Amino acid sequence: MSENQIVTPPKDIDLDYQDYVINMGPQHPSTHGVMRFLLTLKGETVDNVQPHCGYIHRGIEKMTERLTYPQIVHLTDRLDYLSAHINNEAVCLCVENALQIEVPERVKYIRTIIDELNRIASHQLWWAAFGMDMGALTTFFYGLRDREYILDIFEETTGGRLIQSYNTPGGLMNDLHKDFQTKVKKFIKDFRKVLPEYDRLLTGNVIFTERSKGIGYISKEDAISYGVTGPSGRGSGFACDVRKIAPYSAYDKVQFKEALYTEGDTFARYKVRMDEMWESMNIIEQLIDNIPQGDYAAKMKAVIKLPVGEYYQRVEAARGEFGVHIISDGNKNPYRLKLRSPNFSNLSAINAMAKGHKIADLVAISGSLDLVIPDLDR
Amino acid sequence: MPFDIYDFSSFTGWIDASLRAAMSPFWTIFTEFVLLGVAFLAFYAVVGLLLVYAERRVCAFMQCRVGPNRVGPWGLFQTVADLIKLLFKELIHIKKADKILFNLAPFIVIIASFFALAAIPFAKGLHAVDLNIGLFYVMAVSSVGVVGILLAGWSSNSKYSLIGAMRSGAQIISYELSVGLSLLVIVVLAGTLQLSEIVELQRDGWFLFKGHLPAVIAFIIFLIASTAEINRGPFDLAEAESELTAGFHTEYSGIKFAFFFLAEYMNMFIVASIAATVFLGGWMPLHIGSWDGFNHIMDYIPPFVWYAGKTAVIIYIIMLFKWTFPRLRIDQLLTLEWKYLLPINLFNILLMAFLVLMGWHF
Amino acid sequence: MTNEELRKKISEIVPQAVIEEQQYLTVSVEPKYFMTLMPKLKSDSDLALDYMFNVSGVDYGDALGVSYFLTSTKYGHTILVKQKTSDRTKPELETVCHIWKTAEFHEREIFDLYGITFKNHPDMRRIFLEDDWNGHPLRKDYVDEVNMILR
């Protein structure tokens, strides 16, 4: 940028002479990635938030038009890297449903277990980073310490730690590691003891509750209208859990509660995620001992061609509803593949949430939405 | 008394006398100034580095980590290595920054913290100046630092820096009141502002114990308010890294950044020293009323060790604050001060005055 | 509501709509009937399609289209509404972002990647790409000689 070039705010903001316009990002510690908020402030009070995204827009949707379906699965890892396995699963389920392939029961069970492990890992990282956004730096190390166990389990079975690419249309890449079940059971036994520690460190803290209760309120109607899903939507009482609405994989075989809070503030969103970690452990415990024997993948053709038509698959990723919309013209690559990313819709509500709060609250609100920027930008 | 083995006034008196014998009074004073300056500079650097090291260790302990353990034994030289790195770093000049003020700001901050060191009694007879208004002096010079912070934020020509500086200004000026008033509670009890006398008065028991409830309340308020005054977590709004990247020192690099960094740790040291001196008896060993045997044993521990130990405990408490609590928001911070701490404090002074009037203290 | 009832209800609102049964009930409408249909879908108490879970832009080659995925949080039925415009040089469609607020961002995305302008949209700017980017990448005729390898 040359010296004389001045950043002009967008025309639709009416600037008062006292307004203070600052850029939060793209390089900012609490946007969790390259995300830019253009803030209009009155003193410290946020008057308007304009999210500017696209800094890591990689054109994944365009890329997929030249790739085969098994290749596309690996690209979806790179969207929401914290719920990589769930994203993989969405594409695989979509392809399987289009081809009307019944995958073995074993695959469904394993997918569900790894989904939930992935969700716990994602929520641990969120908890860690959320505490740090609030200024409690110690939470970061607690969260990451416990997440490491899950990553180790992933590494043994799938070969990947952060992004696994374990799914493939028709099943899984390979079978479970022989220690998988014992390690998962050990992790759950340990984590059940650690999770109350999380509560003791942050949930009951007076400063934390003061800073999160009543902040970033969004009503149920607005949450539905903005398409705020996942834990953020459930904090407003929007029962949007795809695992309940349209069960996939083995979710119809397990009993679990959908964590719902009606307060609609940052604290409610926080509580939903904390409850979800307990529920995820319940789900895994119901499945881990009952994994049926059998193949780890259905027989697939070497070249996968979907019949002409439109297919949509919804799954519940760690941050909300993830969707894959495939339009096929009968070729081995999709004619059009649209990815519905949960963060994109969640972000659209941030102006409504943050208006009238302080800058520090904006950080808390964006933390409670748990934005993952690569997912948002695609 | 074994106590007097550790009296430094004979040592300092001997230096003064021998200097006066050798040269004219003007040069004596001059030489003493230079000697003091060099001694304090060395002290400043050593304490600063040790505190940074200590913070890293405490922080690591809180976060289930090991902390620095590669450079030197137990990682002791890590901070030295960091200092060398900071010395060699490029000083980035900001276009359109106010150059004079921008360069002046770190010096004001560091000089303010330097001033305050002068009045602190490290041991019997070991202080630079023993002012009769010592406590008032420390309060006064330590609040000069905020000028440096405001200048840094203003002159950087950066929006984040300005917000940080404004927050810091509001915060320090507010909490200055609570710090002052909580110390005033003890001044009412002691009846003097001279630090050496305040220590001397605690010969038969620390003020924290002698002053009943008001002293305990004052101590707690002092801890909270002073943590806020030195801009440390959970009150580190001026440099809240998750909101303002680095607040008022966002645009500083190299040694100028190191100045801010060092000044923050020295302010923590000064605050801890004041707390130790005023509430916990400074270098005075732990004495309990008429337990002569116990008091004598305590006297064998050198006063400097007592002083350092008490300061270290308070520094440790302040560090624990930072690594446990989330950060407050600016309005909550000011609410805490103006709606809670200040009224409690005013009432506390009244209570203490009443206690002193009735002679109900020990 | 079952698909039959939905089909009947929608034909009452817009008789010209083409309704097919695919994975979801697919309703294709001409742009000129679009705004008679969409507000009803949300406001009608039997339909109550209040949650728009996806908006996809599609380049059909001869036409540019937008698909809206709607579901009801009350009844659980889901439909897919499609509209197309054959004007590829200056495509214009109506916005629905005052009905479903989530559409605001999705329509900006479609404007960015397909070049479809949405009338009455409050903030019609590019969302991912730079403001001075040439062309709309998700169109099938988009050519970028530097970044795309054509095989």
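Colleague: Of the two pairs of chains in contact, which chains share the most contacts?

Modeller: Chains A and C. Keep in mind that this is a predicted model.

Colleague: How far apart do the closest C-alpha atoms of chain B and chain C lie?

Modeller: They lie 24 Å apart. No contact joins chain B and chain C.

Colleague: Which residues point which way from β4(C)?

Modeller: L64(C), V66(C), Y68(C) and L70(C) point one way. G65(C), S67(C), F69(C) and T71(C) point the other way. Residues on both sides are buried.

Colleague: Next, pairing. How many bridges join β3(C) to β4(C)?

Modeller: Two strands pair if DSSP finds at least two bridges between them. Strand β3 of chain C, residues 51-59, has eight bridges to β4(C). The two run antiparallel.

Colleague: What is the sense of pairing between β4(C) and β5(C)?

Modeller: Antiparallel, over eight bridges. Strand β5 of chain C covers residues 78-85. There, L80(C) is the bridge partner of F69(C). F69(C) is one of the buried residues of β4(C).

Colleague: And the hairpins? Which residue takes a positive phi in each?

Modeller: Check the residues between the strands. The hairpin of β3(C) and β4(C) has four, and G61(C) takes a positive phi near 95°. The hairpin of β4(C) and β5(C) has six, and G76(C) takes a positive phi near 90°.

Conventions: Residues are numbered from 1 along each chain as its sequence is written. Chains are lettered from A and ligands numbered from 1 in the order in which they are written. This is a predicted model: local features need pLDDT of at least 70, side-chain atom pairs count only at pLDDT 80 or more; totals for chains, interfaces and linings use all residues. Side-chain values use heavy atoms; hydrogens and water are left out. Buried means under 20% relative accessible area, exposed over 50%, partly exposed in between (1.4 Å probe, protein chains only). Contact means heavy atoms within 4.5 Å.
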